[in-house]
Amino acid sequence: MSDKLIFNCTHGKDDPERATLPFVAANIAATAGQEAVVLCTIDAVWLGTEGGAEGIAQNGLPVLSELYSEFVGNGGAVWLCGSCTKPRGITEEQVGKGATIVGAAKVVEEIVAGAKTVAFA
Amino acid sequence: MTVTRNEGGTGPSIGVGQESGRVHTFDAGDLSCGTGLAQEFRRRILAIPLGDMLKVETIDPAAKEDLPSLARLMGHTVRSVESPGDGRLLITMERGR
């Protein structure tokens, strides 16, 4: 049985609000002691690279690089879609603290085991 | 157990003169979920007898996380995960069904 909460994030620098919101929600979950994961797909995979969250801020929301660090410090995990990192040339060496490159089977296994997913359109 | 190499053939190679628990190998290279890893893994593991092992070598970072999940989802058992430190990951799985 998986108790994970998986928050999908699909945007990076191109849309600071959509990049930040999943981390806001996921950090609340992690702060509350829940097992939280931000699943980064498409351009959001840059957020899990070293320095990839720098310079992203949306008025009214936390600065993403600080929020990212807080989330990881709270035990949160960041999963980077492998099918999205590969075409962008992102390697394991570039992956930042708390982040892991994963494939679809990893996500499917968690969902089959009971993990809940949250998407931000 | 005998470990045999599969040099790009159409199916896993089989150890000679061994009983159940033989180890077959599959070099998955940089295959990942977006490039047919699941389909090829399923084809390879279903080509070996129940109870035998399939040792998969991968250099793809996502496949390293995916292969154990794939195996469990398909009803097989992960027996060992080895990281030689050269960028490869070797995952040995027992065919369960």
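This is a predicted model: local features need pLDDT of at least 70, side-chain atom pairs count only at pLDDT 80 or more; totals for chains, interfaces and linings use all residues.
In strand β5 of chain A, Ala119(A) is the bridge partner of Asn8(A), and this pair belongs to a parallel pairing in which four bridges connect β1(A) with β5(A), residues 116–119.

**Strand β1 of chain A**
- On its other pairing described here, β1(A) runs parallel to β2(A) and is joined to it by five bridges, with Ile6(A) having Val37(A) as its bridge partner in β2(A).
- A right-handed β-α-β unit is formed by β1(A), helix α1 of chain A, which spans residues 16–31, and β2(A).
- Five of the five residues of β1(A) are buried; Leu5(A), Phe7(A) and Cys9(A) point one way from the strand, while Ile6(A) and Asn8(A) point the other way.
- In a regular strand, side chains alternate between the two faces of the sheet.

**Helix α4 of chain A**
- Within α4(A), residues 104–112, the buried residues are Ala105(A), Lys106(A), Val107(A) and Glu110(A).
- These buried residues pack against β1, β2 and β4 of chain A, and also against α1 and α2 of chain B.
- After α4(A) comes Gly114(A), which has a positive phi, near 115°.

**Contact between the chains**
- Chain A and chain B each bring 14 residues to the contact, and on the side of chain B the largest share, nine residues, comes from helix α2(B), residues 61–73.
- The residues on that side of chain B comprise seven nonpolar, three polar and four charged ones.

Technical notes
Residues are numbered from 1 along each chain as its sequence is written. Chains are lettered from A and ligands numbered from 1 in the order in which they are written. Two residues are in contact if their C-beta atoms, placed from the backbone, lie within 7 Å. Helices (H or I, at least four residues) and strands (E, at least two) are DSSP runs, numbered from the N terminus. Ala, Val, Leu, Ile, Met, Phe, Trp, Tyr, Cys and Pro count as nonpolar, Asp, Glu, Lys and Arg as charged, and the others, Gly among them, as polar. A residue is buried if 20 or more other C-beta atoms lie within 10 Å of its own, exposed if 12 or fewer, and partly exposed in between; C-beta atoms are placed from the backbone. Two strands pair if DSSP finds at least two bridges between them. A crossover is right-handed if, with the strands pointing away from the viewer, the path from the first strand over the helix to the second runs clockwise.
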